[in-house]
Amino acid sequence: MKIFILSLILAFSVINQPGDNPKPGDKKFKKQFLESINRIRQRGCNCGTTYMPPVPPITWNDELEKAAKGHAVEIAKKHFFSHISKDGRTAMTRAENAGYNHKGFRSFTVGENIAQGQPTIDIVMAGWFKSEPHCMNLMNPDFKEVGVWVDDTYWVQDFGGREEFSTEMQRMIKSGKATIIQGKTAEHH
């Protein structure tokens, strides 16, 4: 019996080595996150007591990855845990500073999930799907793009959604028959 338990523990530790995780920024890292997110988005799920129906797949966005990386590095280096940077920047501000902007889009929204301590993509994703507000971000149909980074064990997942103006509206704006009036942007934590 002791040999079996020892073998099981050794097998588990070999399978789940943190060094086996794909590195942030690698194609495998991006692919694993997208597959994990889109598998659930495709079938729908319960976020707490709220059923979230299937939604379209999300795609990777390098600008959101850049924003996520900046925040993950900051919270790991400064050992704090918040959606608000030490200098007061929000997820929206960090995404815009990374080049993910709203200019020329009909609608624009940004959201963020953060986590700390999980050793693997599978474990952090399972935790986010078990948490109602994090799950709601993952299942939000307004979010069409994502970027993720991990530094040490500080995970940041930034979401974005931009919707272009219709072709007709673009023509009207270009001709001066319509004017863009910037409204309030939406941000989710």
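## A glycine in a loop

Let's start with Gly99, which sits in the loop that links α4 (91-97) to β4 (105-116). Helices here are DSSP runs of H or I with at least four residues, strands are runs of E with at least two, and both are numbered from the N terminus. Gly99 has a relative accessibility of 28%, so it counts as partly exposed (buried is under 20% relative accessible area, exposed is over 50%, and partly exposed is in between, with a 1.4 Å probe and protein chains only).

A word on the model: it is predicted, with local features needing pLDDT of at least 70 and side-chain atom pairs pLDDT 80 or more, while totals for chains, interfaces and linings use all residues. Residues are numbered from 1 along each chain as its sequence is written, and side-chain values use heavy atoms, leaving out hydrogens and water.

## The whole chain

Seven helices and seven strands make up the elements of the chain. Read from the N terminus, their order is α-α-β-β-β-α-α-β-α-α-β-β-α-β. Of the 189 residues, 39% are buried.

Now look at α5 (residues 121-130) and α6 (residues 132-139): they pack at about 100 degrees, with axes 5 Å apart. That makes them roughly perpendicular, a label for angles of 65 to 115 degrees. On the α5 side, the contact (heavy atoms within 4.5 Å) involves Met125, Trp128, Phe129 and Lys130. From α6 come Glu132, His134, Cys135, Leu138 and Met139.

How values were computed. Axes are lines fitted to C-alpha atoms, for helices over the stretch in contact, and angles run from 0 to 180 degrees between N-to-C directions. Angles under 35 degrees count as roughly parallel, over 145 as roughly antiparallel, 65 to 115 as roughly perpendicular and the rest as oblique.
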